[in-house]
Amino acid sequence: MTVNKMRVATCLALLVTLIGMRSADAGVLDEGADRYRPYMIEGIGSALAGARALREKAAAGDLAGAKKAWISARAGWERSEVFTTGFVPELDAKIDAWPNADSGFHAIEAKLFGAGQTDVDKDAAALVEDLNNLHVKLKDMQLTPQGLLDGTARLAYEVGESKADGGESRISGTSLDDMRNNIAGIDFAYHTIFSAALNTADGKLDEMVTNRIELLEAIVAAPDLPHVDIPRLRRASEELVVALQTASAKLGLQRPTLEAQVR
């Protein structure tokens, strides 16, 4: 065999190896996405149950009960935000409209917590319908590792930027809970879908991502929002985003975007 032929054979063998590695990684990530689905279904199911209770309590004039149900519904939604903006942007815009707050959670929040009113039946009925429509879609929704990585990185960015200065749920005073639930969603998505594959490719980078998630969890464990170290939160958020962007190449995926895109 000539030198040139040997070089060609070596290159072809390397190419086959790389393709095999990428196929194996893709299989691991796809399996991880499938394991993520029950968590997604549970989160939206919890939000839907809370929204139904909210509508019932508000219709009965039970302001305290309606507020409690709103908070419960909100928790399920915030745990699910890894996937909502990328896979169901239209429903996400209706359910969690912000900053215009003309529908969904925040329209109801303004009346319940701001005005102390329970006349929210129209908005509550729409919220129940939208969450139910989403819940029905989840069983057969095509989940892509790329879309879920994008959502994980985007939510990590939002925690440190748009939510760190008081967040969306200022009227109800639950913005810190929003961040905690967001980070819980990030933690579950990362360790269910991406961690094993990244650990195989680059164990130190996997450890870095895990450490930044744990740091965010520690920071938002503060007793209330005024005691959250916001500069530290922003740094940890940015470092997590950069680590996830770096991880994308190791996982055979595109660099995560910070803008909502359907994947």
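A short chat about a predicted model of one chain follows.

Biologist: What should I know about the model before I start?
Modeller: The model is predicted, so local features need pLDDT of at least 70 and side-chain atom pairs count only at pLDDT 80 or more, while totals for chains, interfaces and linings use all residues. Residues are numbered from 1 along each chain as its sequence is written, and side-chain values use heavy atoms, with hydrogens and water left out.

Biologist: How many helices and strands does the chain have?
Modeller: There are 10 helices and 0 strands. These are DSSP runs numbered from the N terminus: helices are H or I with at least four residues, strands E with at least two.

Biologist: How much of the chain is buried?
Modeller: 47% of the 263 residues. Buried means under 20% relative accessible area, with a 1.4 Å probe and protein chains only.

Biologist: Which residues touch the most other members of the largest nonpolar core?
Modeller: Y36, F83, L134, L148 and F194, out of 68 residues. Such a core is a set of buried Ala, Val, Leu, Ile, Met, Phe, Trp, Tyr and Cys residues joined through side-chain atoms within 4.5 Å.

Biologist: And which helix gives the most to this core?
Modeller: Helix α1, residues 3-59, with 11 residues.

Biologist: What is F194 in contact with?
Modeller: Beyond its neighbours within four places in sequence, its contacts (heavy atoms within 4.5 Å) include L29, P145, L148 and L251.

Biologist: Switching to α6, which residues are buried there?
Modeller: D123, A124, L127, V128, D130, L131, L134 and L138.

Note on methods: Buried < 20%, exposed > 50% of the residue type's maximum accessible area, 1.4 Å probe, protein only.
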